[in-house]
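User: I'm new to reading protein models. Could you walk me through salt bridges and pockets, one step at a time?

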Amino acid sequence: MEKIIGLDLGTTSLGIAYSDSLGIVHNYENFNFERGNYKKAREHLIEVINKLDTKKIVIGLPLQLDRNEGERCKSVRRFAADVLKLDDTIEFIYFDESFSTIEAKQRLIESGAKSDDIKANIDMVSAYIILEDYLRSKR
């Protein structure tokens, strides 16, 4: 099985998870950047792609409750398009991330995480859930 990176893009952080060659999902990091500085997030993602040696990325698409795409979805698609300008061999897969943040918060609370730890790790855990759900949908 090929390795895949999972992403949850926020306005000031990029949650990153990955699956190994056995299909097991792992947390990677919660990368923080200044609000709107997506250039920094894109450059960091390219470093992660090179380090993990994979070109396949599942990125969470924050659909609205009515299942339509709003401004946040446009932002995610723009981010991916800009990454592709840096490396056009990357494959982006858009995957519905509905309720992944709620589930991530619940998992962190159940693990005993404190409020600061939840805030520091929620996008990474959301990326984990997005990738986990994607892999499950492929089985």
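Analyst: Let's begin with a definition: a residue is buried under 20% relative accessible area, exposed over 50%, and partly exposed in between (1.4 Å probe, protein chains only). Keep in mind that this is a predicted model, where local features need pLDDT of at least 70, side-chain atom pairs count only at pLDDT 80 or more, and totals for chains, interfaces and linings use all residues. Residues are numbered from 1 along each chain as its sequence is written, and side-chain values use heavy atoms, with hydrogens and water left out.

User: How many salt bridges does a search of the whole structure find?

Analyst: Here's the idea: side chains of opposite charge can pair when their charged atoms come close. The rule is a side-chain nitrogen of Lys or Arg within 4 Å of a carboxyl oxygen of Asp or Glu. Searching the whole structure gives 13 salt bridges. One of them joins lysine 39 and glutamate 43, at 2.7 Å from N to O.

User: Where do lysine 39 and glutamate 43 sit?

Analyst: Both are in helix α1 (residues 38–52), and because they are 4 residues apart, about one helical turn separates them. Helices here are DSSP runs (H or I, at least four residues), strands are too (E, at least two), and the numbering starts from the N terminus. Glutamate 43 has 39% relative accessibility, so it counts as partly exposed.

User: And are aspartate 82 and arginine 42 buried or exposed?

Analyst: Aspartate 82 and arginine 42 are both buried. Their side chains form a salt bridge at 3.5 Å, N to O. This pair links distant parts of the chain, with aspartate 82 in helix α2 (residues 71–86) and arginine 42 in helix α1, 40 residues apart.

User: What about arginine 136 and glutamate 132?

Analyst: Those two meet in a salt bridge at 3.8 Å, N to O. Arginine 136 is partly exposed at 45% relative accessibility, whereas glutamate 132 is buried at 19% relative accessible area. Shared partners join Glu103, Arg107, Glu132, Asp133 and Arg136 into one salt-bridge network.

User: Now pockets: how much space lies in the largest pocket?

Analyst: Rolling a probe the size of a water molecule over the atoms shows where empty space is left. On a 1 Å grid over the protein atoms alone, a pocket is an open set of points where a 1.4 Å probe fits, with protein on both sides within 12 Å along at least five of seven lines; lining residues have an atom within 4 Å of a point. Grid points are joined across faces, edges and corners, and the volume is the space filled by probe spheres set on the points. The largest pocket holds about 260 Å³. Of its 16 lining residues, the closest to the centre are Asp8, Arg72, Glu97, Thr101 and Asp123.
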